[in-house]
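Reader: Could you take me through this structure label by label? I would like to know what each term rests on.

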Amino acid sequence: MKIKAYAKVNIFLKIVGHDGYYHQIKSRFMKVKTLFDEIEIVEGEKFNIVGDINCVLRDNTVFKAYVYLTKAYPDIKKWFIGKEIRIRKNIPEMAGLGGGSSDAAAFLRLVNEKSGLNLKTKALIEIGKKIGSDVAFFLYDYDSANVYGRGDIVEKYDEDALNIDVFTPPIECATPKVYKEYKQHFFNPKETNFDTKDSLYLLENHSPKELNDLYLPALSVYPNLYKYSNMGFFTGSGSSFFKIKKK
């Protein structure tokens, strides 16, 4: 039992307000089909999670997904007896590519299908909300979608995923720090109609600064990013840049 957990990029990311607790976003998420982690579930001697885990287990998103899933549906614990979950990472961490959220979503989708749990996507999203704001997009498994609110409102955008080339510099961007910098020094919410435009049109007609409100805050917090600013458009809170591959 194996599933691919794809990366995403933000074609645009605009901050449109703040509800007193969280920034409200309007964004276009697009799947990167050439960059993915792999989640595999195999028979083992006992339940275990192994592989590329660069944090304490309780902070791993796949483990969190397991915990919240089994709390919500205790009977599923029986299915996990003698199962080993293997995580193979290719998506860089703290890079604006949604790797952790994608891993959690892929795990939930795989278990839901193979265990016979057969939950509706909305039920899985309620679990995903406890893990991270990007999980909902990955649970829908759309190529492209407009994402609103805290990231939990996902509307499919009818276009094929572009052929995207991602470059991640040796810099890890902490999302809370970038958002804090935005709120303190760059907060200027503006509505746009970016969500009505095709992604290729946006990339051909707008600059990285225009498309991503977190670009300048990230440069402010992590000035070493400047040396990579010619690598393309900026995704999420960083640190990755992306371009459209030429045919």
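## Labels and their cut-offs

Author: Let's start in a loop: asparagine 118 lies between helix H3 (99-114) and helix H4 (121-128). This is a predicted model, where local features need pLDDT of at least 70, side-chain atom pairs count only at pLDDT 80 or more, and totals for chains, interfaces and linings use all residues. Residues are numbered from 1 along each chain as its sequence is written, and side-chain values use heavy atoms, with hydrogens and water left out.

Reader: What makes a run of residues a helix or a strand here?

Author: Both are DSSP runs numbered from the N terminus: helices are H or I with at least four residues, and strands are E with at least two.

Reader: Back to asparagine 118: why does it count as exposed?

Author: Exposed means over 50% relative accessible area, buried means under 20%, and partly exposed is in between (1.4 Å probe, protein chains only). Asparagine 118 has 58% relative accessibility, so it counts as exposed. Its phi is near 55 degrees, a positive value in a residue other than glycine.

Reader: And aspartate 141: which class does it fall in?

Author: Its relative accessible area is 33%, so aspartate 141 is partly exposed. This residue is in the loop between helix H5 (135-140) and strand E5 (144-149), and its phi is also positive, at about 60 degrees, although it is not a glycine.

Reader: How do you know that E2 is largely enclosed by the rest of the structure?

Author: By the burial cut-off, 17 of the 21 residues of E2 are buried, so the strand is largely enclosed.

Reader: What makes E1 and E2 a pair?

Author: Two strands pair if DSSP finds at least two bridges between them. E1 and E2 have 15 bridges and run antiparallel, so they pass the test. Lysine 2 stands opposite glutamate 40 in E2. The two strands form a hairpin with four residues between them, and glycine 20 in the turn has a positive phi of about 100 degrees. In general, strands of a sheet pair through backbone hydrogen bonds, either parallel or antiparallel.

Reader: Which other strands does E2 pair with?

Author: E2 pairs with E5 in the antiparallel sense over six bridges, with methionine 30 opposite serine 144. Six bridges also join E2 to strand E4 (residues 83-88), again antiparallel, and there valine 42 faces glutamate 84.

Reader: What is the order of the open sheet of three strands?

Author: The order is E7-E9-E8, with antiparallel pairing. Strand E7 (164-167) and strand E8 (233-234) are the edges, as each pairs on one side only. E7 is joined to strand E9 (residues 241-244) by four bridges, and phenylalanine 167 stands opposite phenylalanine 241. In the loop between E8 and E9 lies serine 239, which a cis peptide bond joins to glycine 238, with omega about 20 degrees.

Reader: What makes a cavity a cavity, rather than a pocket?

Author: On a 1 Å grid over the protein atoms alone, a cavity is a set of points where a 1.4 Å probe fits but cannot get out; a pocket is an open set with protein on both sides within 12 Å along at least five of seven lines, and lining residues have an atom within 4 Å of a point. Grid points are joined across faces, edges and corners, and a volume is the space filled by probe spheres set on the points. A search of the whole structure finds one cavity of 30 Å³ or more, and the largest cavity has a volume of about 70 Å³.

Reader: How large is the largest pocket, and what lines it?

Author: The largest pocket holds about 1400 Å³ of space. It is lined by 48 residues, with Ser101, Gly132, Ser133, Asp134 and Thr175 nearest its centre. H3 gives the most to this lining, with four residues.

Reader: What makes a set of residues a nonpolar core?

Author: The set must be buried Ala, Val, Leu, Ile, Met, Phe, Trp, Tyr and Cys residues joined through side-chain atoms within 4.5 Å. The largest such core has 54 residues, and Phe80, Phe107 and Leu225 have the most contacts inside it. H3 gives the most to this core, with seven residues. A second, separate core of 17 residues includes Val32, Ala95, Leu203 and Phe242.
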